[in-house]
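Me: I am new to this structure. Please show me how to read it, one feature at a time.

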Amino acid sequence: MSAFTPHPVPSGIIEENGRRKMVDAKGREVPLDLVRPQDQLQDEQVRKIAGYALALSDQLRRFKEHTFDDISDFEAILAQEYGTTVGGAKGNKTLTTYDGLFQVQVQVQDRVDFGPELQIAKGLIDECLNEWSADSRPEIQAIVTRAFNTDKEGQINRAEIFMLLRLDIADARWNRAMDAIRDAMRVVGKATYVRVKHRPNTEAPWQTVVLDLAKV
């Protein structure tokens with residue numbers, strides 16, 4: 001972890017009147033000699049990792065800002081010289097190097113929330129599932145269960161909701177339920193993603209540069 005300078009993180013040890021102490025999670029001051037060595041070591045390691053994580057987060061934030069600034073500058077040049085811009089109406093765009101080996105993609109996606117019509121859809125779907133044979137469509141039952149199970153923040157599983165919309169089922173109530181889901185959808189904002197890709201030659205598949213810590 002020496003490739004870049006970590007973000008400064010307080011040591012966690014307080015020196016006061018010649019005495020050293022630490023503050024525990026309940027806000028109590030504890031003399032340092034009463035803090036177990038393993039707790040001191042754990043505190044030190046977590047602070048060290050947190051310092052590098054904060055520095056890396058700052059780098060990613062600056063990378064994203066510079067990327068959008070650079071693309072905006074490029075588009076400004078195109079607009080001035082040729083009266084055109086890159087990408088579609090929604091803001092999606094792809095820029096590729098002349099040799100076809102590097103690529104930058106900007107993708108803009110709507111952030112969708114659901115209104116009260118979703119509960120109507122859930123009722124219609126439950127009616128369908130109750131009437132269908134218990135073992136005839138277990139995969140649909142699983143998707144429905146995952147779609148309407150809320151997470152810890154009380155959010156439904158949007159990906160599974162959208163999967164329900166892709167199912168081709170010839171049932172009038174099911175189709176009414178899908179219409180209710182579509183009516184429930186509300187666009188509440190947009191999320192913009194940057195993906196950088198590369199490949200060793202033009203015959204090879206694109207490889208995405210991993211910027212997700214969980215996928216490195």
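Me: Is F162 buried, partly exposed or exposed, and what is the relative accessibility?

Reply: This is a predicted model. F162 has a relative accessibility of 26%. Buried means under 20% and exposed over 50%, so F162 counts as partly exposed.

Me: How many aromatic pairs does a search of the whole structure find?

Reply: A pair of aromatic rings is described by the distance of the centres and the angle of the planes. In this structure, the search finds one aromatic pair. The rings belong to F114 and F162, with centres 6.2 Å apart. Their planes stand at 45°, so the pair is tilted.

Me: Which parts of the chain does the pair link?

Reply: Distant ones. F114 lies in strand β5 (residues 102–114), and F162 lies in helix α4 (residues 158–166). The two are 48 residues apart.

Me: Is F114 buried or exposed?

Reply: F114 has a relative accessible area of 13%, so F114 is buried.

Me: Let us stay with strand β5. Where is Q103 placed, and is Q103 buried or exposed?

Reply: In a regular strand the side chains alternate between the two faces of the sheet. Q103 has its place in strand β5. At 10% relative accessibility, Q103 is buried.

Me: What does the side chain of Q103 make a polar contact with?

Reply: With the side chain of T96, at 3.2 Å. Leave aside the neighbours within four places in sequence, and Q103 is in contact with T94, L95, T96, R195, V196, K197 and W206.

Me: Now the hairpin. How many bridges join strand β1 to strand β2?

Reply: Four bridges join them. β1 covers residues 13–16 and β2 covers residues 19–23; the two strands run antiparallel. The hairpin has two residues between the strands. Look at N17 there: its phi is positive, near 55°.

Me: How much space lies in the largest pocket?

Reply: Rolling a probe the size of a water molecule over the atoms shows where empty space is left. Here the largest pocket holds about 470 Å³. It is lined by 15 residues, and the closest to its centre are Y193, V194, R195, L211 and D212.

Me: Which elements give two or more residues to the lining of the largest pocket?

Reply: They are α1 (37–82) and β6 (185–198). β6 gives the most, with five residues.

Conventions. Residues numbered from 1 in each chain as written. Predicted model: local features only at pLDDT ≥ 70, side-chain atom pairs only at ≥ 80, totals over all residues. Heavy atoms only, no water. Phe/Tyr/Trp six-rings, centres within 6.5 Å; stacked < 30°, edge-to-face > 60°. Buried < 20%, exposed > 50% of the residue type's maximum accessible area, 1.4 Å probe, protein only. Pairing = 2+ DSSP bridges. Polar contact = N/O pair within 3.5 Å; in protein donor to acceptor, adjacent residues only side chain to side chain. Contact = heavy atoms within 4.5 Å. 1 Å grid on protein atoms, 1.4 Å probe; cavity = no way out; pocket = protein on both sides within 12 Å on 5 of 7 lines; lining within 4 Å. Points joined across faces, edges and corners; volume = space filled by probe spheres on them.
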